[in-house]
Amino acid sequence: MTADPRSAEARWLVPGLSLVLAVVAGVVAWLGTRDVVLALLVAGVLVVYAGVLVIGSHSETIRLLRGQTEDERGSAIEARASVASLYAVLAVVLPGAGVELFRGSPGPFTLVAAVGGLVYMVAIAVLRRRM
Amino acid sequence: MWNRVRVLRTDAGLTQAQLAEAMDVSRNTINSIETGRYTPSLPLALALARHFTTPVEELFDDRRSPQR
């Protein structure tokens, strides 16, 4: 995605994807549980998120959340936020994978940890050659 | 990193928004550079130095503390 961050396309891309995800998540939640309230709650959270992204045009934070990285500082903020998110995910996934392996039944946590570790190693090797 | 961006900008009679437009960055980025919260990339530092027709080492100094 290389849309000009100031374009209308960039402005509506993430909110639009959030709305699509709201529908998908709501349907999946309903199919999995047959609980209409839960499905609406799941979809509602994403709809509210999309709404905030559309309304908050003057906030730099909202623009960054919309994926509108206007310059190198925006890209740096996005990269650091991504790393912070990664650490949070690792804090959940690694203990989860440990428990799964301890029980002798590798599951989703183990899969996510394995994929993440593999991608990290490949990325280091590729980026080392490019930079 | 300490820098003279704010001094040179005000001397030139430019607002942060005008300098941001000239550098093709956001006004927040210019403000963050001036306050020392953000250290620009080498291309942006060179562009700023070129804009103010001053050597880059006179615009930025990593041996001094950022000004607030």
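Predicted model: local features only at pLDDT ≥ 70, side-chain atom pairs only at ≥ 80, totals over all residues.

The size of an interface is often given as the accessible area lost when the parts come together. Here, chain A and chain B bury about 700 Å² between them, and 38% of that lies on carbon and sulfur atoms. Which parts of chain A supply at least two residues each to the side that touches chain B? They are α3 and α4 of chain A, with α4(A) giving the most, 3 residues. If you sort this side of chain A by class, you find 1 nonpolar residue, no polar ones and 7 charged ones. In total, the contact takes 8 residues from chain A and 10 residues from chain B.

With those charged residues in mind, how many salt bridges does the rule find across the interface of chain A and chain B? The count there is 0. Polar contacts are another matter: 6 residue pairs are in polar contact between chain A and chain B, counting pairs with both residues at pLDDT 80 or more.

Now for the empty spaces. Rolling a probe the size of a water molecule over the atoms shows where empty space is left. The count comes to 1 cavity of 30 Å³ or more, and the largest cavity has a volume of about 40 Å³. Its lining brings in both chains: among the residues are A:Glu60, A:Arg63, A:Leu64 and A:Arg73, along with B:Ser26 and B:Thr29. The elements giving two or more residues to this lining are α3 (60–65) and α4 (72–102) of chain A. Of the elements, α3(A) gives the most, with 3 residues. By class, the cavity lining divides into 1 nonpolar, 4 polar and 5 charged residues.

Next, turn to the largest pocket, which has a volume of about 320 Å³. It is lined by 14 residues, and those nearest its centre are A:Leu86, A:Leu90, A:Gly116, A:Gly117 and A:Tyr120. Both α4 and α5 (108–130) of chain A supply at least two residues each to the pocket lining. What classes of residue make up this lining? There are 12 nonpolar and 2 polar residues, and no charged ones.

Let us go back to charges for a moment. Side chains of opposite charge can pair when their charged atoms come close. Over all chains, the count comes to 5 salt bridges. One pair to look for is A:Glu60 with A:Arg73, whose closest N and O atoms are 2.7 Å apart.

Our last stop is A:Ser57, in the loop between α2 (36–55) and α3 of chain A. Which residues does A:Ser57 touch, leaving aside its neighbours within four places in sequence? They are A:Arg11, A:Arg63 and A:Arg66. A:Arg11 is 46 residues from A:Ser57 in sequence, with 8.7 Å between their C-alpha atoms.

Technical notes: Residues numbered from 1 in each chain as written. Chains lettered and ligands numbered in written order. Heavy atoms only, no water. 1 Å grid on protein atoms, 1.4 Å probe; cavity = no way out; pocket = protein on both sides within 12 Å on 5 of 7 lines; lining within 4 Å. Points joined across faces, edges and corners; volume = space filled by probe spheres on them. Helix = DSSP H or I, 4+ residues; strand = E, 2+ residues; numbered from the N terminus. Nonpolar A, V, L, I, M, F, W, Y, C, P; charged D, E, K, R; others polar. Contact = heavy atoms within 4.5 Å. Buried area = accessible area lost by both parts, 1.4 Å probe. Salt bridge = Lys/Arg side-chain N within 4 Å of Asp/Glu carboxyl O. Polar contact = N/O pair within 3.5 Å; in protein donor to acceptor, adjacent residues only side chain to side chain.
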